[in-house]
Amino acid sequence: MTRPGGTWRNWSRFERVRPQRVEYPRSIEAVQRAVSAAAARRMPIKAVGAGHSFTGIAVAPGVLLELPDLSGLVGVDVERGRVTLLAGTRLHRIPALLAPYGLAMENLGDIDRQSIAGAISTGTHGTGARFGGIATQVVGATLVTASGELLRVGAGRNGEIENAELLPAVALGLGALGILVEVTLQCVPAFVLHAVERPEPLDDVLSQLDERVSSADHFEFYWFAHTDRAMTKTNTRLPESAPRHPLSPVGKWVDDRLVGTLLHQAACSVARAAPVTIPTINRLSVRLWGDREFTDASNRVFATDRSVRFREMEYALPADQVRPAFDAVRALVDERGWRISFPVEVRFAAADDVWMSTAHRRPTGYIAVHRYWRDDPAEYFDAVEEIMLRHGGRPHWGKMHSLGADALRARYERFDDFVALRDRLDPDRLLRNPYLDRVLGG
Ligand SMILES: Cc1cc2nc3c(=O)[nH]c(=O)nc-3n(C[C@H](O)[C@H](O)[C@H](O)COP(=O)(O)OP(=O)(O)OC[C@H]3O[C@@H](n4cnc5c(N)ncnc54)[C@H](O)[C@@H]3O)c2cc1C
């Protein structure tokens, strides 16, 4: 992430910073020393994960902590199906760490490049109306607070419980409450997913949306603007012993690398040079993409390859507002005559009790819009954001949005409790950055 010369950039290349110092702590004690040293110098400090947030949430202008050496499994409670991971562990490493214990993460987002700490800190989620985001899998965490002390919250490595009342805040802490060093997850027995991916008429999908969402374990759809088709993904959970029919290596290469990356990248370049071609390209994409059925280990089905760089805004809506908000986005694209090459993605999640979760206390649907990273997203994202706000939307903390603390306070009933905890754990704002100043107040 941090390149020679000292510049850090996020994945979408929208955020960059030249930190005053970059450190690679190799132990929890080294994180404590780094925090105490930063406090003594009055220099802000921040840990980063994989830099996959589209917002400036991970920007560290003072001391930047990279945690590749704080990675791996440090405890397993086989009886309860819980594992404790060092906070820098990347999601794609976790399945192999859990396999010997016959465990898996309950649900995942579309990719697995993120660190566990980064993923939970921004509310990363997948889809499935009966399943929460990754932060809902957190049953314990250990953080180094701004004083340099260790704070254990919820279940620890040995099953002991401490400060349980703080768990709903710490599980999704925006990187504002401390540096996470360990995260304990409640896992589930390893399972297999049967995946069905189909192009379907968009109007049919929309008219049956409630039923499709409630009858499937994991349902989502993509809509390519300027077409009347939806690409649906319906995943069904099966026991680990179920027969597997994975994609063939060649088929996977064709879908993920050739179509998903190489042709998609070429299409984005053509579309940028000649936007008039976008409707034709989108119609072609719908034909080439996603008419397949396979069964494989859960992590191999949840996580996909996203190599073409883009920028994204995603809003969480009360589930019953998804349809009207989606219709408004569709009408907007038609009215404005824009040419949009990346699809609109619609997903779902269960209500939860995590204070800053976008699904806090309400069954939720997500609408995400994307633009190729070289295109200016402002006009499209601003107009979509207005629609989302009208429908009670809460922005994903790691994806582009324009809201500040006042607007967010009105959307989160535990906002002031979260800020009060921040005041207690980081009174001098050692963990601050401009994004946190904006969304939480200085
Ligand atoms: C291609 C792509 C696909 C994506 N797909 C999805 C998806 O399907 N669903 C979804 O919800 N999101 C998705 N995202 C967004 C992404 O999951 C989140 O932005 C996530 O936070 C990124 O994790 P990261 O490890 O890169 O964290 P970073 O972006 O590096 O950091 C995020 C936050 O976590 C904090 N943090 C990191 N480590 C620590 C630590 N040890 N202690 C305290 N705070 C810490 C940072 O300070 C920052 O505040 C996607 C992003 C990309 C680029």
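A residue is called buried when its relative accessible area is under 20%, exposed when it is over 50%, and partly exposed in between, with a 1.4 Å probe and the protein chains only. The points below concern a predicted model, in which local features need pLDDT of at least 70, side-chain atom pairs count only at pLDDT 80 or more, and totals for chains, interfaces and linings use all residues. Residues are numbered from 1 along each chain as its sequence is written, and side-chain values use heavy atoms, with hydrogens and water left out.

1. Strand β19. Strand β19 covers residues 344-349, and six of its six residues are buried. Strands (E, at least two residues) and helices (H or I, at least four) are DSSP runs numbered from the N terminus. Val344, Val346 and Phe348 point one way from β19, whereas Glu345, Arg347 and Ala349 point the other way; all are buried. In a regular strand, side chains alternate between the two faces of the sheet.

2. Partners of β19. Two strands are said to pair if DSSP finds at least two bridges between them. β19 pairs with β15 in the antiparallel sense over three bridges, and Tyr222 stands opposite Glu345 of β19. Five bridges join β19 to strand β20 (residues 364-372), again antiparallel; here Ala349 stands opposite Thr364 of β20.

3. Asp217. This residue is found in the loop between α6 (209-215) and β15 (218-223). Asp217 counts as buried because its relative accessibility is 14%. Leaving aside residues up to four places away in sequence, Asp217 touches Gly128, Ala129, Arg130, Phe131, Asn235, Thr236 and Arg237, where contact means heavy atoms within 4.5 Å.

4. Polar contacts of Asp217. A polar contact is a pair of N or O atoms within 3.5 Å; within protein, one must be able to donate a hydrogen and the other to accept it, and residues adjacent in sequence count only if both atoms are side-chain atoms. The side chain of Asp217 makes such a contact with the side chain of Arg130, at 2.6 Å. A polar atom of the Asp217 side chain also lies 2.7 Å from the backbone nitrogen of Arg237.

5. The open sheet. Six strands form an open sheet in the order β6-β7-β12-β9-β10-β11, with antiparallel pairing. β6 and β11 (161-162) stand at the edges with a single partner strand each, so one side of each is left without a neighbour in the sheet. Strand β9 (residues 138-144) pairs with β12 over six bridges, and Ala141 stands opposite Val183 in β12.

6. The hairpin of β6 and β7. Strands β6 (residues 73-77) and β7 (residues 82-86) run antiparallel and are joined by four bridges. Val76 stands opposite Val83 in β7. Four residues lie between the strands of this hairpin, and Gly81 takes a positive phi near 70°.

7. The ligand shell. There are 38 residues around the ligand, of which Ala47, His52, Ser53, Thr122 and Leu180 come nearest; a residue is near a molecule if one of its heavy atoms lies within 4 Å of it. β4 (45-48), α3 (116-121) and β12 (179-186) each supply at least two residues of the shell. α3 gives the most, with four residues.

8. Polar atoms at the ligand. An oxygen atom of the ligand is 2.8 Å from a polar backbone atom of Gly49. A backbone N or O atom of Ala50 lies 2.9 Å from an oxygen atom of the ligand.
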